[in-house]
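This briefing goes through one structure by topic.

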Amino acid sequence: MSLTVPAIPSRPWKKPPLIKRAWLRWTLILGFALYLAAAFGTTNVNWARVWEGMPRGMQFVTAFFPPDFTSRWDEIVDGIAESLWMTVVATVVGIALSVPVGIGAARNIAPLPVYYFCRSILAVSRSFQEVILAIFFVKLFGFGPFAGFVTLAFATIGFYGKLLAEDIEDMDASQAEAVRATGAGWLQWINYGVQPQVMPRMIGLGLYRLDINFRESAVVGIVGGGGIGATLNTSFDRYEFDTAAAIILIIIAIVMLTEYSSGYLRRWVQ
Amino acid sequence: MMSKTLASPKRSWQRRDRKTQLTVWAGYLIGTAIFVFCFQKISETTIWAFVWDAPAQAADLGSRMVPPAWSYIHQLWRPIWDTINIATMGTLISIVLAVPIAYCAARNTTPSVTFLRPVALFIIVASRSINSLIWALMLVTIVGPGVFAGIIAIGLRSIGFVAKLLYEAIEEIDESQVEAVRATGASAAQTTAYGIVPQVMPAFAGISVFRWDINIRESTVLGLVGAGGIGLELNAAITQLYWTQVSLMLLVIIATVILSEWVSAKVRHAII
Amino acid sequence: MLRIKGLTKRYRTGDLALKNIDLDVPDGQVMALIGPSGAGKSTVIRCINRLVEPTSGTITLNDTEIVGLRSGDLRRMRRRMGMIFQEYALVERLSVMENVLSGRLGYVGFWQSFMRKFPQSDIDEAFRLLQRVGLDHMADKRADELSGGQRQRVGICRALIQNPELLLVDEPTASLDPKTSRQIMRLIKELCAERKLSAIINIHDVMLAQMFAERIVGLKLGEIVYDGPPDKLTPAVLTQIYGEEDWASTIRKADDDAEPVDELAPARPAETPVIERDRLAGLT
Ligand SMILES: Nc1ncnc2c1ncn2[C@@H]1O[C@H](COP(=O)(O)OP(=O)(O)OP(=O)(O)O)[C@@H](O)[C@H]1O
Ligand SMILES: [Mg+2]
C-alpha cells in the first residue's frame, strides 16, 4: 500500500437534501408554505378584542396570587370527590368491557365479521373527543356523574381495546400455538397462551388510563357530566377567577400525584 | 411465584403459597370494595328512571338523525378548514415553545439543575394537566371567542406533551457521541447541533406529527366553548335540535380524524 | 511532547482511578497503554483532553498547561488533540462527511457549522482523508449504515482532520474482528508516521500492542507498573500487570504478517429508533 496519495481535484461538498427527488421536495415545501399562508390569511383575529381582554387576562393571572380555596371549598371538595368516583368506576368498567372488544379486534384471533364489528366500535370510540360523547350521554342519562362515567368508560374501551388488540397481534405466535397443541379449549388457550404474554404491559396501561380518566373527568363536567369540571365551569361563569385558579392548582396537584403514584405502582407490578 | 410445598409425602403444587394467595385475595376484596363504594356514590346522584329510559331515548334520537342532511355539507367546509388550522397552527406554536423547555428540562442539557429544571418540569406538568377545553374556556374569556383562542389553547396544551416526550428523548441519547464531538474542541452550541440534535431529530418529528393528529381530534370540540372550528356548528345544531345536521357533522368528524390518523402514521413511518 | 506530572484522579463516587502518574511522551512516539479493566487507562486519556477533570497534577502539551484552562482556551487545546473511541462514537444519524467535518468544529464558527458551510480547504482535506482510508465513495452514507471497521476509519478521519499534535486512542479495536483490528492499528501507525504524530493507544490485546507500538506502558490499579519497549514484555511483567496466567502464547514471537488492507466488510443495517408506544399512548 502506497503512502503517497495522488492529489485529488478539489470537489465541493454540500449536505445532501433530506428528500432526494427535487420536484417532490419543492412541491412539499411550496405546498406547506401555501397552506400556511392560506391558514394565516383566513384566520380572522379581532386584535381590538384581544387587546381589550388583556386586563382580564392579567386579572386571571393575578388570581393565582393567591388563589381562593376557602369561599367555595365545599363545592370544590364535592366536585373532586365526584371526579374520583367517576374515574375509578369508569376505568374498571371500561377495561372490563374492552377486554372482549380488544380480543375481538385482534386479527390473528378473531373471525373476520367479529373483527370488523369490534374494530368499528374502537374507531367510533376513538374518533370522538370525550366531550362530544359526553354531550350525547348527558342527553340520554340526564345531568350528573352517571353520564360522565359512561363517557369515560366508553372512551376507555377505544383506548384500551385498541392497545390490547395491537398487543395480541404482536404476540409470539409460537408460544400460543404450543398451548393450543396441548389440546386446550379456546378459553384455556386465551388464559394460558395469550394472557401471560400481554398481561404485564396491559396492567401498566390500565394505570395510565386511570390518570387519563381523571384528567378527562375535569372536562366532561363542562357539558353537564358532573365532577370537578362542573365546579370549574360554574366558577368561570361567575367570573370567580380566584376560585378557578384554586381548582386548576388542585387538578395539577392531583394529576402530579396520580402520575407519580401510578408510575410507582407500575414499577412495583412489573 | 411458583413454589412447591413439601409438607405432605404426596407433593402438592400450588401456583402461589398460602401467604401470597391470601394477599391476592385481600387485594381483590379491597379493590371490589372500592369499586362498589364509588359506584354507590355515583348512583346516589343518579335518577335511575332516566337511565332505564335511555335505550328508548337513544333509539328515538337515532331515528331522528337519519338521513344525515347531506346538503348542509356546503356550510361545513369553512368550519372544517378552521378546525384543521387550529390544530396545525396550535401544534406549530407548541413545537417552537416546547424545544427550549425540553432543553431546560432534560437532565443532561439543562443549564441549571437547581433552578431552571424544576421550573421547566412544572410548566410541563401544568400544561399537561389542563385539558385544551379548559384552556379554551379561560382564553375565550380573555381574548374573546374565535379561532385565535382555539389556536392558543391547543398550543398551550401541547407544549407539555411535546416537551415531555422530547426531554425524555434527549435524556436517552448516546452520551459517547456527544462526548466525541466535544473532544474535537466544539463549543457548547456546536456540540448541541452536531451531537444532540441529530440524535433526537427523528423522535422530535415523530412526536410533533403525533401531537398534530391528537390535536385534530381535540380541536373538533373547542367550538363548544366558543373557540372556533366545527364544534361551534355542532353546538348550535344540538341546541336547536337539528339532528340530521348533527349526524352529518359526526360523520365529517370521523372522516377527518381517520384521515389525519392515516397521514400522521404515514409521515411517522417515512421519518423512521 | 506531552508531559504528565503527578496526575491523580478521584471520581466523585470515591474511586481513586489514578494515583500520581508521571509520563512523558516525546513527539512522534506511538505508545500503547495496557492494563486490566478498571486500571484507569480511559481515565488517563480523558484527563489529557479534560473530558474528565483531573483531581491534581499537571499535564502540558508542547509547553501549554492543560489543567486549569478556561473554556475558550480549552476548546483550542482540544482541537490540538484528536481522540478515537472504542465504540467509534460517530454521530450515527449524520453522514460520513458530516462526521469527518465535525472534526473541524473547533476551527469554524457556529453558524458556519450549523449551515454546513465549511471552508473548501476543509472539504478537500476531508475527501483526501476519506480516500486515504478508502471510504471516499461513502461520503454521503449515514454513519449507522457502515460496518464496524468502516466506522472506526471514519472516526480516525475525524480525529486527523483536526490536524492534531497528539492522538488519543481508546481501545480502537475492542469491537472489531482480529483482521480488521490489525488493519486499523496499522492504519493508525502509518498515519502517525506520515504526520509525525505522537499517540497514546489504550489496548487490551497485548499482541497487537507489541506489533504496532514502539513503547508500552502497563497500568495497574491506577499506577504505572511497566514502562519499556515491546520486546521486554516478559511473562513475569504480564503477571505483574494482569495477574497469574499462562502468558507464553500471548506474547508475540514472529514478525507480523504484512497483508494488504482490504475493504468493505458488509454494512450493518441501520437501527431504527421507535418512539415507544406505551409512552405515547399514556399521554393522549
Ligand atoms: N464516570 C466515572 N464515575 C466514577 N468512577 C469511574 C468513572 N469512570 C471510571 N471510573 C472508575 O475509575 C476506575 C478506572 O476506570 P477506567 O475506565 O479508566 O478503566 P480502564 O482501564 O479504561 O478499564 P477498561 O479496560 O475496562 O476500559 C474504575 O475503578 C472505574 O470504576
Ligand atoms: Mg476504558
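Accessible areas here come from the Shrake-Rupley method with a 1.4 Å probe, and for residues only the protein chains shown count as cover. On that basis chain C exposes about 12,000 Å², and carbon and sulfur atoms supply 51% of this area. The model is a predicted one. Over all chains, the structure holds 28 salt bridges.

- The area buried between chain A and chain B is about 5,200 Å², with 77% of it given by carbon and sulfur atoms.
- A:W85, A:F136 and A:L140 supply 12% of the area that chain A buries against chain B, more than any other three residues.
- Chain A brings 55 residues to the contact and chain B brings 61 residues.
- Between the two chains, 10 residue pairs are in polar contact, counting pairs with both residues at pLDDT 80 or more.
- Helix α2 (residues 47-62) of chain A gives the most to the side of chain A that touches chain B, with 8 residues.
- Sorted by class, that side of chain A has 38 nonpolar, 9 polar and 8 charged residues.
- The count of salt bridges between chain A and chain B is 1.
- A salt bridge joins the side chains of A:R126 and B:E261, at 3.1 Å from N to O.

**Chain C as a whole**

- Chain C has 10 helices and 10 strands.
- Of the 284 residues in chain C, 55% are buried.
- Taking contacts in chain C between residues at least 6 apart in sequence, 71% join residues at least 24 apart.

**Helix α1 of chain C**

- Helix α1 (residues 41-48) of chain C has 7 of its 8 residues buried, so the helix is largely enclosed by the rest of the structure.
- The buried residues of α1(C) are C:K41, C:T43, C:V44, C:I45, C:R46, C:C47 and C:I48.

- Which secondary structure element holds B:L232? B:L232 lies in helix α9 (residues 230-239) of chain B.
- B:L232 has 38% relative accessibility and therefore counts as partly exposed, since partly exposed covers values between the 20% limit for buried and the 50% limit for exposed.
- Not counting residues up to four places away in sequence, B:L232 touches B:G223, B:L224 and B:G226.
- B:P79 is 153 residues from B:L232 along the chain, and the C-alpha atoms of the two are separated by 8.1 Å.
- C:D15 sits in the loop between β1 (2-10) and β2 (16-25) of chain C.
- The relative accessible area of C:D15 is 44%, so this residue is partly exposed.
- With neighbours within four places in sequence left aside, C:D15 is in contact with C:K9 and C:R10.

- The side chains of C:D73 and C:R76 form a salt bridge, at 3.1 Å from N to O.
- Both C:D73 and C:R76 belong to helix α2 (residues 71-78) of chain C, where they are 3 residues apart, about one turn of the helix.
- C:D73 is partly exposed because its relative accessibility is 39%.
- C:R76 is also partly exposed, with a relative accessible area of 43%.

- A salt bridge links the side chains of C:R132 and C:E190, at 3.1 Å from N to O.
- C:R132 lies in helix α5 (residues 120-132) and C:E190 in helix α7 (residues 178-195) of chain C, so this pair ties together parts that are 58 residues apart in sequence.
- C:R132 is buried, with a relative accessible area of 6%.
- C:E190 is buried as well, at a relative accessible area of 19%.
- The side chain of C:R132 also meets that of C:E194 in a salt bridge, at 2.8 Å from N to O.
- Because C:E194 lies in helix α7 and C:R132 in helix α5 of chain C, the pair ties together parts that are 62 residues apart in sequence.
- C:E194 counts as partly exposed, at 32% relative accessibility.

**Network in chain A**

- Salt bridges with shared partners join A:R72, A:E75, A:R238 and A:E240 into one network.

Terms used. Residues are numbered from 1 along each chain as its sequence is written. Chains are lettered from A and ligands numbered from 1 in the order in which they are written. This is a predicted model: local features need pLDDT of at least 70, side-chain atom pairs count only at pLDDT 80 or more; totals for chains, interfaces and linings use all residues. Side-chain values use heavy atoms; hydrogens and water are left out. Contact means heavy atoms within 4.5 Å. Buried area is the accessible area (1.4 Å probe) that two parts lose on being put together, summed over both. A salt bridge is a side-chain nitrogen of Lys or Arg within 4 Å of a carboxyl oxygen of Asp or Glu. A polar contact is a pair of N or O atoms within 3.5 Å; within protein, one must be able to donate a hydrogen and the other to accept it, and residues adjacent in sequence count only if both atoms are side-chain atoms. Helices (H or I, at least four residues) and strands (E, at least two) are DSSP runs, numbered from the N terminus. Ala, Val, Leu, Ile, Met, Phe, Trp, Tyr, Cys and Pro count as nonpolar, Asp, Glu, Lys and Arg as charged, and the others, Gly among them, as polar. Buried means under 20% relative accessible area, exposed over 50%, partly exposed in between (1.4 Å probe, protein chains only).
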